Amino acid sequence: MAESKEAGNTEQSAPQPADESRRGALKVLVTAGSIAYAGALAAVGASFATSTVGGETRERWLRAARLADLPEGEPRRVPMIGDARDAFTVTPAEQLGSVWLLRKGNDVKALSATCPHLGCAIDLAADKKGYSCPCHTSAFSIEGATQSGPSPRGMDLLATRITDGWVEVDFRKYRQGTAEKKESAS
Ligand code: FES
């Protein structure tokens, strides 16, 4: 019993120099790890903030289709291929989304195929005179205006231009579930 008490006292005795040294090293490691972790979080935050601020004015022109390949007056869905970026990496040639293109002569209108309600992919309506979302049955006119369903706004119109016979789209993403068309950070 006495031995056991002594052993207990030994465990609670003052730290030896070797223990202090080990504890000191551990503290340094923990502090360094905390600083690195905080730095990583700051990097993500900085990137997110930059995207949000720059997102309103940043142009991101992506080639969509050859003008000559688009039929007159008939919507065509095309994928948007570009570099996918996050806080740490850039992945080239990723599908970032898709758009509906509608050609009238040399004028091409682009509507985002992402539903403003909750982000489902918008299809062409069965009669091809408008669009419909399969998730909650929002319906849109051929110009992208809301006709029925829960979508809080019409389909998002994107800027287009023709360069060397190619239709290019200034591809952006907008917040879902709001009546206001506001660009999202990603
Ligand atoms: S996501 Fe399109 S109607 Fe809900």
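Start by selecting strand S1, residues 61–66, together with S11 in this predicted model. The two strands run antiparallel, and five bridges hold the pair together. Zoom in on arginine 66 and you'll find tryptophan 166 of S11 standing opposite.

Pick out arginine 161 here: its bridge partner in S11 is glutamate 168. Then look at the turn of the S10–S11 hairpin, where two residues sit between the strands.

Next stop, the largest nonpolar core. Val169 is among the residues with the most contacts inside this 19-residue group, along with others including Ala64, Trp100 and Ile122. Strands S3 (90–104), S4 (107–112) and S11 (166–170) each give two or more residues to the core. Click tryptophan 100 and look beyond its close sequence neighbours: you'll see contacts with Pro75, Arg77, Leu111, Ala113 and Tyr131.

Last, go to methionine 155, in the loop between strand S8 (146–148) and strand S9 (157–158). Is methionine 155 buried or exposed? Buried, because 26 other C-beta atoms lie within 10 Å. Setting aside residues up to four places away in sequence, methionine 155 touches several residues, among them Leu111, Ile122, Tyr131 and Phe140. Finish with a distance: from methionine 155 to serine 141, 14 residues apart in sequence, is 9.1 Å, C-alpha to C-alpha.

Conventions: Residues are numbered from 1 along each chain as its sequence is written. This is a predicted model: local features need pLDDT of at least 70, side-chain atom pairs count only at pLDDT 80 or more; totals for chains, interfaces and linings use all residues. A nonpolar core is a set of buried Ala, Val, Leu, Ile, Met, Phe, Trp, Tyr and Cys residues joined through C-beta atoms within 7 Å. A residue is buried if 20 or more other C-beta atoms lie within 10 Å of its own, exposed if 12 or fewer, and partly exposed in between; C-beta atoms are placed from the backbone. Helices (H or I, at least four residues) and strands (E, at least two) are DSSP runs, numbered from the N terminus. Two residues are in contact if their C-beta atoms, placed from the backbone, lie within 7 Å. Two strands pair if DSSP finds at least two bridges between them.
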